[in-house]
Amino acid sequence: MRTKSLKKNKINVITLGCSKNVYDSEVLMGQLRASGKDVAHEAPADEEGNIIVINTCGFIDNAKEESVNMILNYVDKKEQGIVDKVFVTGCLSERYKPDLIKEIPNVDQYFGTTELPGLLKALGADYKHELLGERLTTTPKNYAYLKIAEGCDRPCSFCAIPLMRGKHVSQPIEKLVKEAEGLARNGVKELILIAQDLTYYGLDLYKKRNLAELLENLVKVEGIEWIRLHYAFPSGFPMDVLDLMNREPKICNYIDIPLQHISDNILKSMRRGTTKEKTTKLLNEFRAAVPGMTIRTTLIVGYPGETEEDFQIMKNWVEEMRFERLGCFKYSHEENTHAYLLEDDVPAEVKQQRANEIMEIQSQISWDLNQEKIGQTFRCIIDRKEGGHFIGRTEFDSPDVDNEVLIDASLAYLKTGEFVNIKITEATEFDLYGIPADLPLN
């Protein structure tokens, strides 16, 4: 039986996967709201509405499993009469639509990553071109993602993103500035620039790597105080961005640059277009150009053919480079990728052990670097209050993936979305503790 509190013709959007999917859900919700639809993002069960849209991820095995389980959960609710309709969109749907239709036929309709107008039509809404860039943001009010490009032209052997997102398409600078101005009017103070590959931005539109020019325009947007760069590619990185980062206070001294591996044998098989020597030189140039810069990266362990020697090269390099932020993934054997032709020959338990070893090294590095922050004062943005603490971040930390700064709420009242100078008093591997700088220490 349908619960009485369930609202008729309310659309509940569920988002799985990365920040690009968050952005896509926000665009969908903005369009639905403009058509007069009652829409919510991940509403609680007693308020979730009778129409469900699941924005799926199809990147690696764990993400695919989570997406399939979510679809099955809502199909079951549909069969019980708890919800009326279930629509599926996003990367999993783009990549596996024929299989999904066959295996889970009780979904009302499946849509790919480029079929927003069709999805809106199925939901009884019209696609409004004049809403370009307008979204219903789901992140805390003070920060938002700004997707500057879609798709990817890189040939990386392990990656299925081009299958799901297509070729690289940059958004025009004027459009992005307009979108940033709209976000600023709504109280957003931090823009997190995302794309499959920031490095490639502008090559299709302007016939040159044009990230620096985009940034020069975005820093002029009144109200935006921090601009953060996510997902740059190491090959062909536009070095003029570093000069701008160094002289422009609005651009955070932070970059997310997924490197994936460092053994030359594996880099070659991964088709990354770089070498250990070139990568190390690039990172040293980053640090020389922007003193105090935080570099976040991700690595993959257990790629086909990864020997113990390849792994030792990676371990030694992680210890040598002392990344401020690092994540580690176990290789996932993905259909229709170039690496799928190789034998997935590293056992699952070896992949797990190698991932654990990398993260143990990184945990110690993070501990050491955080201890150095004790006694220093950092400008922090306050994201939220949680229990007895206000939770903030420095310019060196991105939401959800990096360190947080915890401030005892009994010491001072801090407003969400405000910038506050915080003196660090304690530190763990992945968290900092502090007090407002104008408060005396006991």
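The exercises below treat the domains, one interface, some salt bridges and the annotations from a record.

The model is predicted: local features need pLDDT of at least 70, side-chain atom pairs count only at pLDDT 80 or more, and totals for chains, interfaces and linings use all residues. Residues are numbered from 1 along each chain as its sequence is written, and side-chain values use heavy atoms, with hydrogens and water left out.

**Exercise 1.** State how the protein chain is divided into domains, and describe the contact of domain 2 and domain 3.

*Solution.* Step one is the division: domain 1 covers 11-130, domain 2 covers 139-372 and domain 3 covers 374-436. These bounds come from an automatic or database domain assignment. Step two is the distance: 25 Å separates the C-alpha centres of domain 2 and domain 3. Step three is the contact (heavy atoms within 4.5 Å), to which domain 2 gives 25 residues and domain 3 gives 28 residues.

Step four is the buried area, the accessible area (1.4 Å probe) that two parts lose on being put together, summed over both. Between domain 2 and domain 3 this area is about 2200 Å², with 45% given by carbon and sulfur atoms. In domain 2, the residues that lose the most area to domain 3 are N142, W226 and N370, together 27% of what that side buries.

**Exercise 2.** Find which interactions cross the interface of domain 2 and domain 3, and which element supplies the largest share of the domain 2 side.

*Solution.* Begin with salt bridges (a side-chain nitrogen of Lys or Arg within 4 Å of a carboxyl oxygen of Asp or Glu). The rule finds six across this interface. Next, take polar contacts: pairs of N or O atoms within 3.5 Å, where within protein one must be able to donate a hydrogen and the other to accept it, and residues adjacent in sequence count only if both atoms are side-chain atoms. There are 21 residue pairs of this kind across the interface, both residues at pLDDT 80 or more. Finally, consider helices (H or I, at least four residues) and strands (E, at least two), which are DSSP runs numbered from the N terminus. The largest share of the side of domain 2 that touches domain 3 comes from α13, with five residues.

**Exercise 3.** Explain why the salt bridge of K64 and E335 ties together parts that are 271 residues apart in sequence.

*Solution.* First, the closest N and O atoms of K64 and E335 are 3.4 Å apart. Second, K64 belongs to helix α2 (residues 61-79), whereas E335 is in the loop between β13 (325-330) and α13, so the pair links parts 271 residues apart in sequence.

**Exercise 4.** Locate the positions that UniProt gives for the feature "binding site", and describe the span listed as "domain: TRAM".

*Solution.* The unreviewed UniProt entry places "binding site" at C18, C57 and C91. They span 74 residues in sequence, yet no two of their C-alpha atoms are more than 10.5 Å apart, so they gather at one spot. C18 is in the loop between β1 (10-15) and α1 (19-34). For "domain: TRAM", the unreviewed entry lists residues 371-438. This span is 1% helix and 51% strand. Such annotations may be inferred rather than shown by experiment.
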